Protein chains: 2
Amino acid sequence: MIKTISLIGAGNLATRLGIALREEGLQITQVYSRTEESARELAEKLDCDAVWRLEDVTLDADLILFAVKDDALDSVLRQLPLYGKLIVHTAGSLPLSVLAPYSNRYGVFYPLQTFSKQREFEFIDIPICLEASDIESLDELDELAWSISEKVKEVNSEQRLGLHLAAVFVCNFVNHFYTLGAQIVEKLGFDFDLLKTLICETTDKIIEMKPFDAQTGPAKRFEETIINKHLDFLSDQPELKEIYRLVSKSIFEAHKPQLK
Amino acid sequence: MIKTISLIGAGNLATRLGIALREEGLQITQVYSRTEESARELAEKLDCDAVWRLEDVTLDADLILFAVKDDALDSVLRQLPLYGKLIVHTAGSLPLSVLAPYSNRYGVFYPLQTFSKQREFEFIDIPICLEASDIESLDELDELAWSISEKVKEVNSEQRLGLHLAAVFVCNFVNHFYTLGAQIVEKLGFDFDLLKTLICETTDKIIEMKPFDAQTGPAKRFEETIINKHLDFLSDQPELKEIYRLVSKSIFEAHKPQLK
């Protein structure tokens, strides 16, 4: 059973996950970050040691949890004597196999959520996707995951990549469209707040209905006159214009077979 | 003061608006729709007459409210003797001036919301954008709008077009990305529900934070390895791949000046 965790990374995910685990009685033994400042900042929240040199990382915890950027993971792994330790990464798009060269017990612990350092929330509803090198490691990670979430799933590397991609569409891309919407209304002299009722209703709808059935707007019905007015409005922003055109086309194509 | 309304149209917007106005004590005198079925369906909800031939439309109400498709509006207007009547349309992307040939008192009554026939909600938080040919008509529409909403704004035709465009991004396009996310996870054998915690958090975040500050994900940091894996995953869907590429680029370009 996992009781102690060494946390490698101090970003948004490491912060929220560390806090959630600690609240469930797990002990975080140490936080490592490349910079002293972030290591100290998170270590203070977790009441543990901060380290910012890899040679100071101690590996006497039951689990070594890596929450670093995908591109940084390999070089960090390479510098630590991990063999025999249970090690996990938390990345959506990295296969389990990236850990194979470094230990005989390894896994993936991927929470399907967007993390901000400054926002607190309950982990209970966040799906945690698990994968492991062996059944024993999987059982240990399973127990750990259920301690903070009610939505724990076994997900293989290919599926996890797909989930991450879906998350990019429904979270990162959606949020960017909120940014673009804000830019448009602010340029017109209005406050972004003006869009919030619409934004909330758009999300509320799909809690009850399938998003396909909730679709509205000019692209669905291919109302060319409206679409052309919007494209004209974007005439000095060719990249946005192209995004508008392509997404409208995608909506129309998806709904076309439904037209009578 | 407007007390009676003739409703031309029986779609999602006409339905929700008719119900909201009636609940505030306004009398809907008549519902017109091209099809007998939809006219009757809405007239029953509003306890009024249903008509489906333009020659049966009576114009003795204080306001003639048009909630028909943009492309249909002109031909409907042309067939009714409207001069001297207060007439309004409800379209985001049609200028006020389209009504000028048909009466001397006209306006726009545009609620910034996505409407589904089957979803009930309060109008109170929905921004209503008003424009009118003259101050007297504007005052009458203003009083009507405030009876159902706390967010009434005077908005000119150019601004309204921009608001409609912003609404397409934050509602129609966002909803389509929910559909694309659903397709991806369902193809992997999961339920769309798996994404709902993430979707709700994405929206909840921007109620508190600016969407620009809430941005997360591989595009913001231009994590090329992840982006390429996602593009590979979409290799048999060239149009989605192109959307992914363009939106990622737009996110990166927007956040680039912030990088240190």
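# Exercises on a predicted two-chain model

In chain A of this predicted model, the residue whose C-alpha comes closest to the rotation axis is A:V174, at 2.7 Å.

## Exercise 1. The relation between the chains

Task: State which rotation superposes chain A on chain B, and with how much shift along its axis.

Solution. 
- Step 1. The superposition takes a rotation of 180° with 0.0 Å of shift along the axis, and the RMSD is 0.0 Å.
- Step 2. The two copies are therefore related as by a two-fold rotation axis.
- Step 3. Of the interface residues of chain A, 100% are also interface residues in chain B, so the copies meet through the same surface.

## Exercise 2. α5(A) against α6(B)

Solution. 
- Step 1. Sorted by class, the contact of α5(A) with α6(B) has eight nonpolar and three polar residues, and no charged residues.

## Exercise 3. α8(A) against α5(B)

Task: Determine how α8(A) and α5(B) are oriented to each other, and how the residues of their contact divide by class.

Solution. 
- Step 1. The axes of α8 (residues 224-233) of chain A and α5 (residues 157-187) of chain B come within 10 Å, crossing at roughly 100°.
- Step 2. The range from 65 to 115 degrees counts as roughly perpendicular, and α8(A) and α5(B) are therefore roughly perpendicular to each other.
- Step 3. On the α8(A) side the contact is made by A:I226, A:K229, A:H230 and A:F233; on the α5(B) side, by B:E158, B:L161, B:G162, B:H164, B:L165 and B:V168.
- Step 4. These residues divide into five nonpolar, three polar and two charged.

## Exercise 4. The sheet of chain A

Task: Give the strand order of the sheet in chain A and name the strands at its edges.

Solution. 
- Step 1. The sheet is open and has eight strands, in the order β3-β2-β1-β4-β5-β6-β7-β8, with mixed pairing.
- Step 2. At the edges stand β3 (49-51) and β8 (152-154) of chain A; each has a single partner strand, so one side of each is left without a neighbour in the sheet.
- Step 3. On average, neighbouring strands are turned by 25° against each other, direction ignored.
- Step 4. Strands β1 (residues 4-8) and β2 (residues 27-32) of chain A run parallel and are joined by five bridges. A:L7 has A:V31 as its bridge partner in β2(A).
- Step 5. Helix α4 (residues 135-148) of chain A packs on this sheet, and its direction makes about 165° with that of β7(A). Among the strands it touches are β1, β4 and β8 of chain A.

## Exercise 5. Strand β1 of chain B

Task: Find in which sense β1(B) pairs with β4(B), and over how many bridges.

Solution. 
- Step 1. β1 (residues 4-8) and β4 (residues 63-66) of chain B pair in the parallel sense over four bridges.
- Step 2. The bridge partner of B:S6 in β4(B) is B:I64.
- Step 3. Helix α1 (residues 12-23) of chain B lies across β1, β2, β4 and β6 of chain B, and runs at about 170° to β1(B).

Note on methods
Residues are numbered from 1 along each chain as its sequence is written. Chains are lettered from A and ligands numbered from 1 in the order in which they are written. This is a predicted model: local features need pLDDT of at least 70, side-chain atom pairs count only at pLDDT 80 or more; totals for chains, interfaces and linings use all residues. Side-chain values use heavy atoms; hydrogens and water are left out. Two strands pair if DSSP finds at least two bridges between them. Helices (H or I, at least four residues) and strands (E, at least two) are DSSP runs, numbered from the N terminus. Axes are lines fitted to C-alpha atoms, for helices over the stretch in contact, and angles run from 0 to 180 degrees between N-to-C directions. Contact means heavy atoms within 4.5 Å. Copies are superposed by least squares on the C-alpha atoms of residues with pLDDT of at least 70 in both. Angles under 35 degrees count as roughly parallel, over 145 as roughly antiparallel, 65 to 115 as roughly perpendicular and the rest as oblique. Ala, Val, Leu, Ile, Met, Phe, Trp, Tyr, Cys and Pro count as nonpolar, Asp, Glu, Lys and Arg as charged, and the others, Gly among them, as polar.
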